[in-house]
Amino acid sequence: MDRDRNKTLLLELLKAAGNGRCADCGQPDPEWASYKLGIFICLMCSGIHRNLPEVSRVKSLWLDFWENDLIEFMKKHGNLCAKAKYEAKVPPYYYVPQSCDCLVLREQWIRAKYEREEFVATRVCQDPCSAGSHEGLLWKRGRESRQFKQRRFLLSAREGVMKYYTKEPKGPKAVISIEKLNAMFQAEKIQHAHGLQITYKADGQTRNLFVYHESGKEIVGWFNAIRAARYHYLRTTFPALPEHEIIPRITRNYVKEGYMEKTGPKDAFPQGQIFIGRRVEGYEVRAGLPQGISVKKRKSGITMATPMREFLFLCENDKEQREWIDALNGVIAQPLSG
């Protein structure tokens, strides 16, 4: 039967170089395809493609019938072919989402590639300094009221700062150095699908701005503008640093965030941060506190052992303890980079 034969041909195509992972997010073993673009994609990304009927049409590899001409089209294209066309000029600072990333990042990446064709070879690459300049209104959560109000934000890679204003023509409420700036999507915490957490250091403390924009394109534009400004700063400040070392430093996602009580001896080191090395260097995480250490309240303890000393923490409950231990073990288990 043609149906069985075509299924066999699709299975063979999946084994071809580049087709074994989703063309858009890298998820292994894609089970869908866009027969208009000639790419193999995962279930999650196929849902986004369904909303782009002008540029993409999708079918299940196993549930739908594939006509012979569509099989031939897939043969002549494939993920590597599409990547060469639609990702020819992705700027180094642009965040390329993975399957674990939030929906708005993946959706705007797919729209940028196929709908707006922002990275095709004919497009002129934008200078990071100009790309790192952005201005507009964002909904910002108030520090005391917790209410969201529109505020004007201004980002300038050339000046090396981000500013935001509460009332104009008064001066900015805050001027944030790009050197100390970070941004990450936090939809659940901000309770908005486009929620962005902007983190920076001021007066020795870490501070957060919680913002969102109703437009997915606009909030992802802000995120990549911040990345462009950070990239420009790092490229200018550390000209000898290779590209593969700069990219991970542009922005970072927290592995785990929350509150723990710290106990034990007073620190002889700067307060506010603890360097976490690798297991092979003598770092270890243990559930519970060392013998002889007692606390007034019954809480779940964690011991973080380093070559110099032990740090002791208390969690609110066993679930928090387990999550923190898993997160810390994930960091110390990473191999040493060469």
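**Close-up views**

**View A. The sulfur of Cys102 lies 9.7 Å from the closest cysteine sulfur, that of Cys100, too far for a bond.** This is a predicted model, in which local features need pLDDT of at least 70 and side-chain atom pairs count only at pLDDT 80 or more, while totals for chains, interfaces and linings use all residues. Residues are numbered from 1 along each chain as its sequence is written, and side-chain values use heavy atoms, with hydrogens and water left out. For Cys100, the closest cysteine sulfur belongs to Cys25, at 8.9 Å, which is too far for a bond. The structure holds zero disulfides, a disulfide being a pair of cysteine sulfur atoms within 2.5 Å. Cys102 is partly exposed, at 23% relative accessibility, whereas Cys100 is exposed, at 71%. Buried means under 20% relative accessible area, exposed over 50%, and partly exposed in between (1.4 Å probe, protein chains only).

**View B. Strands β13 and β14 form a hairpin with four residues between them.** Helices (H or I, at least four residues) and strands (E, at least two) are DSSP runs numbered from the N terminus. Strand β13 covers residues 300-305 and pairs with β14 in the antiparallel sense over six bridges; two strands pair if DSSP finds at least two bridges between them. Within this pairing, Ser300 stands opposite Cys315 of β14. Strand β14, residues 310-315, is mostly covered, with five of its six residues buried.

**View C. Strands β2, β1 and β3 form an open antiparallel sheet, in the order β2-β1-β3.** Strands β2 (39-41) and β3 (58-60) stand at the edges, each with a single partner strand, so one side of each is left without a neighbour in the sheet. Neighbouring strands of this sheet are turned by 30° against each other on average, direction ignored. Strand β1 (residues 32-34) pairs with β2 over three bridges in the antiparallel sense, and the bridge partner of Ala33 in β2 is Phe40. Helix α2 (residues 43-50) lies across β1, β2 and β3 and runs at about 120° to β2. Axes are lines fitted to C-alpha atoms, for helices over the stretch in contact, and angles run from 0 to 180 degrees between N-to-C directions.

**View D. Ile226 is found in helix α8, residues 216-237.** Ile226 is buried, with a relative accessible area of 0%. Not counting residues up to four places away in sequence, Ile226 touches Leu155, Met162, Leu181, Ala183 and Ile198; contact means heavy atoms within 4.5 Å. Ile226 and Pro128 are 98 residues apart in sequence, and their C-alpha atoms are 10.0 Å apart in space.
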